[in-house]
Amino acid sequence: SKSNNLPIDVFPIGAVSLGQKGEELTEMLIMKENGAIAFSDDGIPIQNAQFMALALKYSKMTNLPVINHAEDIYLRGEGVMNASPNSNNLGLKGNPSLAESIMVYRDLALASSLGARLHIPHISTKDSVGLVKLFKSKNKLITAEVSPHHLYFCDDDIVDFNTNLKVGPPIRSKSDRKKLIEGIKSGIIDCIATDHAPHTIEEKEAPFDWAPCGMIGLESAFGAVWKVLSEAKMDLLEVITSLTTKPR
């Protein structure tokens with residue numbers, strides 16, 4: 001309600017679980033009545049499949065989507081960058097792409113079986129793109145997004161331990177990046193969202209293992225996206241639409 005007199009609209013996303021603990025559902029219907037437009041535990045994955053199914057059943061009554069940070073925390077382990085030859089060379093613990101795609105598959109399968117709305121945030125792997133394409137043919141209530149930094153960077157760019165590139169999900173391989181570009185061009189991925197997550201210089205100047213995940217996105221989003229997608233022969237209006245009216 002504080003945003004009523006602002007020159008922009010603010011659309012709140014309510015939590016799926018109380019305290020974002022993945023144990024007890026929030027009051028989804030009441031939150032919808034008070035302006036919530038989706039439900040998400042933000043960067044905390046809903047690990048329990050039974051609880052995710054329950055959340056989707058209740059969200060179906062509101063006709064609003066659930067947005068789940070698609071990552072299996074047990075497969076991720078203590079990984080701080082994409083599991084690859086680059087992570088081995090740098091001596092950094094790897095976060096495998098399977099940690100994302102296996103959770104994407106679970107959520108897509110649950111949503112499709114229940115006829116519920118599901119939005120997949122910040123897709124980062126080629127396998128996830130393939131899964132979204134497969135399930136979209138069965139369920140028109142599925143949407144997905146990609147971030148500018150996953151379109152722009154690959155894990156080759158982390159050779160100097162640049163903590164600005166420590167994000168969750170991690171920057172992936174060249175082949176993943178190529179598939180993400182194809183996904184946004186073809187419409188398999190519906191829109192581009194910044195996943196803007198700024199931190200202080202002091203926090204980001206820590207060693208790679210200790211620095212927090214996240215990077216700025218708003219200031220550089222259009223420049224980064226246009227550079228990549230114009231090279232991929234994507235039309236300017238399509239790029240602008242992917243950043244504006246499509247996410248809206």
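Patches are built from residues with over 30% relative accessible area and no salt bridge, joining like charges within 9 Å and nonpolar side chains (Val, Leu, Ile, Met, Phe, Trp, Tyr) within 5 Å. A salt bridge puts a side-chain nitrogen of Lys or Arg within 4 Å of a carboxyl oxygen of Asp or Glu. This model is predicted: local features need pLDDT of at least 70, and side-chain atom pairs count only at pLDDT 80 or more. Residues are numbered from 1 along each chain, and side-chain values use heavy atoms.

**View 1. A nonpolar surface patch.** L29, L54, Y58 and M61 make a patch of about 390 Å² (Shrake-Rupley area, 1.4 Å probe). Helix α2 (residues 49-62) gives the largest share, three residues. Helices are DSSP runs (H or I) of at least four residues. M61 lies in helix α2. M61 counts as exposed because its relative accessibility is 53% (exposed is over 50%, buried under 20%, partly exposed in between).

**View 2. An edge-to-face pair.** The structure holds three aromatic pairs. Among them, Y152 and F153 pair edge-to-face, 4.9 Å centre to centre, with 70° between the planes. Ring centres of a pair lie within 6.5 Å; planes under 30 degrees apart are stacked, over 60 edge-to-face, the rest tilted. Y152 is partly exposed at 30%, and so is F153 at 23%.

**View 3. A stacked pair.** F222 and W226 stack at 6.4 Å centre to centre, with 5° between the planes. Both lie in helix α10 (residues 221-231), four residues apart, about one turn of the helix. F222 is partly exposed at 38%; W226 is partly exposed at 29%.

Key. Helices (H or I, at least four residues) and strands (E, at least two) are DSSP runs, numbered from the N terminus. Buried means under 20% relative accessible area, exposed over 50%, partly exposed in between (1.4 Å probe, protein chains only). Rings of Phe, Tyr and Trp (its six-membered ring) pair if their centres lie within 6.5 Å; planes under 30 degrees apart count as stacked, over 60 as edge-to-face and the rest as tilted.
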